[in-house]
Number of protein chains: 2
Amino acid sequence: MNTFRPVCWYCGETYEAEPIYTCRRCKGTLDIRYEYKEIFGKAYFEPLSASAGSDIWRFRELLPIWPNRKAVTLGEGGTPLIRTHNILNIANNQSLWLKLESVNPTLAFKDRPLAVAMTAAAQFGLNEVVCASTGNTGVAAAAYAARAGLRCTIYVPEGTPEEKRAAMEQYGAVLHTVKGHYSDAYKVAEEMALERQAFNLTSTYMNPYAVEGNKTVAYELAFQLGKVPDWIIVPIGAGPLLSGIYKGFKEMQLAGFIDKLPRMAGVQAEGCAPIVKAFHNGEAGVQPWSDPVQTIASGIADPLLTYPADGTRTLSVIRESKGIALAIADAELHRYRKLLAEREGVLAELSSVTAVAAAAHMQQTGLLEQNATIVSIVTGHGLKDMSAAINHTKGSVL
Amino acid sequence: MNTFRPVCWYCGETYEAEPIYTCRRCKGTLDIRYEYKEIFGKAYFEPLSASAGSDIWRFRELLPIWPNRKAVTLGEGGTPLIRTHNILNIANNQSLWLKLESVNPTLAFKDRPLAVAMTAAAQFGLNEVVCASTGNTGVAAAAYAARAGLRCTIYVPEGTPEEKRAAMEQYGAVLHTVKGHYSDAYKVAEEMALERQAFNLTSTYMNPYAVEGNKTVAYELAFQLGKVPDWIIVPIGAGPLLSGIYKGFKEMQLAGFIDKLPRMAGVQAEGCAPIVKAFHNGEAGVQPWSDPVQTIASGIADPLLTYPADGTRTLSVIRESKGIALAIADAELHRYRKLLAEREGVLAELSSVTAVAAAAHMQQTGLLEQNATIVSIVTGHGLKDMSAAINHTKGSVL
């Protein structure tokens, strides 16, 4: 089996596997590093690739869980990958695929990191979890905490969709609304986790165990496509999903299972785009978003007020991959949500639609190579923010 | 490859593969029969069983689709099977599993039959589809019609949850509300389909191609469990899901892949239970439900007013399997919905919860054998009828 430990992403300081969130030396966020042992190599991935479609736990040797621990699972992962017919203009033999992370037990990609984090909470003997959430993390945290029998307290900012709030409560979580934006909820959750000795599941880079769950998207994509996509387009708040996916591909490359890496595109909403701003200005680091946060894409509306370094970490992954960061206007989101539903049969939440609109923009601006294979990650299901969409439909002529 | 044709369930008259709904001789509903050829046998199922979890199209030789036709798919099927820890009393080594059909592209089991039916519509060269629906069928029909590029008109009864209506419209379907119950919508859809030469996707036994999609639940269950469950508990309106699952197991038995069959339990809500009534009275046939329809389980509230023979067909399958039919009170549904969410992390729509409440009832009344393996089908996701549940939560002390 592979052994693992948290390592500082910035200064390289290593720690024992324990509940830890930041480097005690430099305050940086952490990453999990594995001593890839004999299990690893092409021989690890090849048999798995023949059985596309089951849950994330078939990759458990590459997840930060000790052997013989029982996984806290609702069957997350193994999500569909479907090819679009009507989104991109047919040009240069390019193909756009959708990875439907909406088809997960709580209808968002967050089930992957939360299943891993909740299993880690149990392995560390903790009986309480806490998180900040714009909605999807909270719903997943509440569900997996219920499954694990752990107490769960969630801090959400104002403006979190009613459906998501109701779902968290139905799973039995205790819900608190925090005045302000996601960054404000982040801060309260951080304080409360410390005070109560609870595991903090906030899904920025806060919890290094959670981030590992995102890697499984990469393994599945390589198996489902039978190759490495040229571009992977990911909606990003702080961006751990984007980084996690890239890390998964790097592991497969290290194992000799693949011989190239994808380029990563990170997408934000124009009304809250700190990472995009830094990318376009060629800045080394991301700054907090100081303008008012104005977007309907609530799931990625993160101004990174007190943890801009999380944005910098994502920015560095985008750059390493020779990728891009781009922002989409809210009006485009309604348009592409409708297009996606009516022409492909996929109902995506507004935050997710950014990744589809971005594919079209990238094609129009000539960013996509001939014969390019592009994957957009549909991070959450449209039934999770129907009220936002219904209100829009009622209030406007489509 | 296997050839197939529609055959009358009642009188055995056979037809060519075409859009046909009832026997021209006796008006009975149809079944699809296959000439199982050399592809069939243990050698068919064994390799598939090693790759649990992908979509329904790996079973395409057992679906009524001609070779080389492109499947209309959103990645349906390959749903999780998870074991419950806290629903049944721990007794006699019994285990209760949940098949999460809620984790499908439109969040209900209907994606399986609708994907098959929409592919059949395309193979027959039809460009328009119609259906009656209490919600889930309509949402799936709208999504798959969008995916296939076919026009879709849906007739729903009053009382269909707002989330489901909105989803149908977002997928671009034309929606009509019919005064009365599901049976009334059924009648209008039947007339309109004839008038417009549209494929009727109403998911009773109306469309024999659709029903076949339900068989794939059986194959997956056998693979996931590595054995045949003793009991399968299914929420039923008219009951094609229950019959379809049983048929799938019979095919596996015929192939020599399994050597026993499960017992089938059909569950209805007390406020609309025509099949349960006939079962308990030992009647040969099901009668239309003449009392007022009074239940919050909208997905299975079918009084079978003009097609009681559909209920009789399901009743005969239940009896053939040495199964049972039972009814659950609405108050139990709220209780078990809460229990399921808070203790297992599974949010199920109210109609689905009947199958979980039924498992507990069957245990309490001594119906479950020692060491019994029980599977309850969670037919739809709780996020599809949140408003019903939210209204309940707001209006009562839990």
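A salt bridge is a side-chain nitrogen of Lys or Arg within 4 Å of a carboxyl oxygen of Asp or Glu. By this rule the structure, a predicted model, holds 42 salt bridges over all chains.

**Figure 1. A salt bridge between two helices of chain A.** The side chains of A:Lys247 and A:Glu212 meet in a salt bridge, with 2.7 Å from N to O. A:Lys247 belongs to helix α8 (residues 240-254) of chain A and A:Glu212 to helix α6 (residues 208-213) of chain A, so the pair ties together parts that are 35 residues apart in sequence. Side chains of opposite charge can pair when their charged atoms come close.

**Figure 2. The open four-stranded sheet of chain A.** The strands of this sheet follow the order β7-β6-β5-β8 (chain A), and their pairing is parallel. At the edges stand β7 (174-178) and β8 (199-200) of chain A; each has a single partner strand, so one side of each is left without a neighbour in the sheet. Strand β5 (residues 128-132) of chain A is joined to β8(A) by two bridges. On β8(A), A:Asn200 is the bridge partner of A:Val130. Helix α4 (residues 162-170) of chain A packs on the sheet, where it touches β6 (151-157) and β7 of chain A. The direction of helix α4 of chain A makes about 145° with that of β7(A).

**Figure 3. The open six-stranded sheet of chain B.** Here the strand order is β3-β4-β12-β9-β10-β11 (chain B), and the pairing is mixed. The edge strands of chain B are β3 (81-83) and β11 (324-328), each of which pairs on one side only. From one strand to the next, the twist averages 25°. Strands of a sheet pair through backbone hydrogen bonds, either parallel or antiparallel.

**Figure 4. The pairing of β10 and β11 in chain B.** Strand β10 (residues 263-269) of chain B pairs with β11(B) in the parallel sense, over five bridges. In one of the bridge pairs, B:Gly266 has B:Ala325 in β11(B) as its partner.

**Figure 5. The contact between chain B and chain A.** Chain B gives 46 residues to the contact and chain A gives 46 residues. About 3,400 Å² is buried between chain B and chain A, and carbon and sulfur atoms give 58% of this area. On the chain B side, the residues that lose the most area to chain A are B:Arg147, B:Gln170 and B:Leu383, together 21% of what that side buries.

Figure 6. How many salt bridges are counted between chain B and chain A? The count is two. B:Arg147 forms a salt bridge with A:Glu344, and the closest N and O atoms are 2.9 Å apart. Eight residue pairs are in polar contact across the interface of chain B and chain A. In chain B, the elements giving two or more residues to the side that touches chain A are β3, α3 (136-148), α4 (162-170), α11 (330-344) and α13 (386-395). The residues of that side of chain B divide into 21 nonpolar, 14 polar and 11 charged.

Technical notes:
Residues are numbered from 1 along each chain as its sequence is written. Chains are lettered from A and ligands numbered from 1 in the order in which they are written. This is a predicted model: local features need pLDDT of at least 70, side-chain atom pairs count only at pLDDT 80 or more; totals for chains, interfaces and linings use all residues. Side-chain values use heavy atoms; hydrogens and water are left out. Two strands pair if DSSP finds at least two bridges between them. Axes are lines fitted to C-alpha atoms, for helices over the stretch in contact, and angles run from 0 to 180 degrees between N-to-C directions. Contact means heavy atoms within 4.5 Å. Buried area is the accessible area (1.4 Å probe) that two parts lose on being put together, summed over both. A polar contact is a pair of N or O atoms within 3.5 Å; within protein, one must be able to donate a hydrogen and the other to accept it, and residues adjacent in sequence count only if both atoms are side-chain atoms. Ala, Val, Leu, Ile, Met, Phe, Trp, Tyr, Cys and Pro count as nonpolar, Asp, Glu, Lys and Arg as charged, and the others, Gly among them, as polar.
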